[in-house]
Amino acid sequence: TPRVFSGIQPSGGLTLGNYLGAMKRFVTMQDAGTHETIYCMVDLHAITARLVPADELIHNTRELCAGFIAVGIDPEKSVLINQSQVPEHAQLAWIFNCVARMGWMGRMTQWKDKAGKNAEAASLGLFAYPALMAADILVYHATHVPVGEDQKQHLELTRDIAAKFNHDYGVDFFPITEPVIEGAATRVMNLQDGTKKMSKSDPSDKTRINLTDSADEIAKKIRKAKTDPDPLPEALEGLETRPEARNLVNIYAALADIDPQAVLDQHAGGLFGQFKMALADLAVDKLAPISTEMTRLMADPAEIDRILGRGAERAREITVPILDRTYDIVGMLRS
Ligand code: TYM
């Protein structure tokens, strides 16, 4: 059976972008029953941008785990893990640090964006981040990786690392992974500026919907989202030069599990004032139960820790043998 792996950083807060671009599809792939699914909170990645206080990172990791379960990940059906509890991720990442080239890493647009003009002051971990991401995936020999559009370049690098390893050692060992970037919401945009992606790191909270927002906050942010005075068009081409309008239609489509064209079929000719009311109702309907469930799960952190402990055991049944074979290929002596 094909094996699915994906990860999310426990960097505090989940957005509608994380949900529609990634988590909602994690659930679909889990429930399809046609794939083995492994989902990960990547705490090792979460310290690359800055070192966070230990209790904060632990809280964020537990909250992310609660988020996974609240959206519908079943820790019996999927393997649900925290990255640092499965040490083979970091061990394989070292090997990949020696496979990946400086030039490849330097071309990563996320590196360039996050390091900004002052790359000298960025951590070495931030630079090496995509090699760890490749290890996350390949330490399971995962074949499919559902992500949002912003991770596409990192997945191409993952393929390059697998291919170079296989070529340099003359083996056919690591699979060439398929990115799964599908649906209406692979790039959910900022509610106040349709040319920027929705992000948990934007200083203004009005630009995003958080999965922990109350029903009132969700409705208010959607009502205040930027739009234009024109009505909804009949065809998708009518949204091409209207990024904010297009974003709201895509969000509606993804939340309702219908095509963007079907949204237009229902709402063409209507004004955005009205459409935003319908969207707010739909969003509250779909998202409010998630936040309630997260709060409930967070009341029992010991249970969350138990779930992740069990997940790590199951994960290591896969990762230990794959790392072992990798070490054999590379020539790491073990006595
Ligand atoms: P992260 O934590 O930034 O985001 C988690 C997932 O959410 C998606 N996403 C979005 N999708 C659509 N619209 C948006 N506005 C939006 N914002 C975020 C991301 O594309 C991602 O799928 N490097 C990864 C974590 C990672 C990983 C992995 C992913 C580490 N190892 C191995 C896959 C496989 C990251 O920082 O995602």
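D257 lies in the loop between α9 and α10 (260-267), where helices (H or I, at least four residues) and strands (E, at least two) are DSSP runs numbered from the N terminus. The phi angle of D257 is positive, about 60°, although D257 is not a glycine. D257 counts as exposed because 12 C-beta neighbours lie inside 10 Å; the classes are buried for 20 or more other C-beta atoms within 10 Å of a residue's own, exposed for 12 or fewer, and partly exposed in between, with C-beta atoms placed from the backbone. This is a predicted model, in which local features need pLDDT of at least 70 and side-chain atom pairs count only at pLDDT 80 or more, while totals for chains, interfaces and linings use all residues. Residues are numbered from 1 along each chain as its sequence is written.

**Other loop residues**

- H141 is found in the loop between α6 and β4 (144-146), and it also has a positive phi, of about 50°, although it is not a glycine.
- H141 counts as partly exposed because it has 17 C-beta neighbours inside 10 Å.
- P75 belongs to the loop between α2 and β3 (79-82), and its 19 C-beta neighbours inside 10 Å are why it counts as partly exposed.
- Leaving aside residues up to four places away in sequence, P75 touches I69, L80, I307 and G311; contact requires C-beta atoms, placed from the backbone, to lie within 7 Å.
- P75 and L308 are 233 residues apart along the chain, yet their C-alpha atoms are separated by 8.7 Å.

**Packing of α9 and α11**

- Helix α9 (residues 243-256) packs with helix α11 (residues 272-298) at an angle of about 35°, and their axes are 10 Å apart. Axes are lines fitted to C-alpha atoms, for helices over the stretch in contact, and angles run from 0 to 180 degrees between N-to-C directions.
- The crossing of α9 and α11 is left-handed, that is, the near helix is turned anticlockwise from the far one by less than a right angle.
- From α9, the residues A245, L248, I251, Y252, L255 and A256 meet F272, F275, L279, L282, A283 and K286 of α11.
- By class, the residues of this contact are 11 nonpolar, no polar and 1 charged. Ala, Val, Leu, Ile, Met, Phe, Trp, Tyr, Cys and Pro count as nonpolar, Asp, Glu, Lys and Arg as charged, and the others, Gly among them, as polar.

**Domains and their contact**

- The chain is assigned domain 1 (3-180 + 300-330) and domain 2 (205-296), with bounds from an automatic or database domain assignment.
- The centres of the two domains, taken over C-alpha atoms, are separated by 30 Å.
- In the contact between the domains, 10 residues of domain 1 meet 10 residues of domain 2.
- On the side of domain 1 that touches domain 2, α1 (16-32) and α2 (54-71) each supply at least two residues, and α2 gives the most, with 4 residues.
- That side of domain 1 has 7 nonpolar, 3 polar and no charged residues.

**Nonpolar core**

- The largest nonpolar core has 92 residues, and those with the most contacts inside it are I38, C65, L80, F96, A134, A135 and I251. Such a core is a set of buried Ala, Val, Leu, Ile, Met, Phe, Trp, Tyr and Cys residues joined through C-beta atoms within 7 Å.
- Helix α6 (residues 124-138) contributes the largest share of this core, 9 residues.
- Domain 1 and domain 2 each provide at least three residues of this core.
- C65 touches M41, L80, I304, I307 and L308, not counting residues up to four places away in sequence.

Notes:
Two residues are in contact if their C-beta atoms, placed from the backbone, lie within 7 Å.
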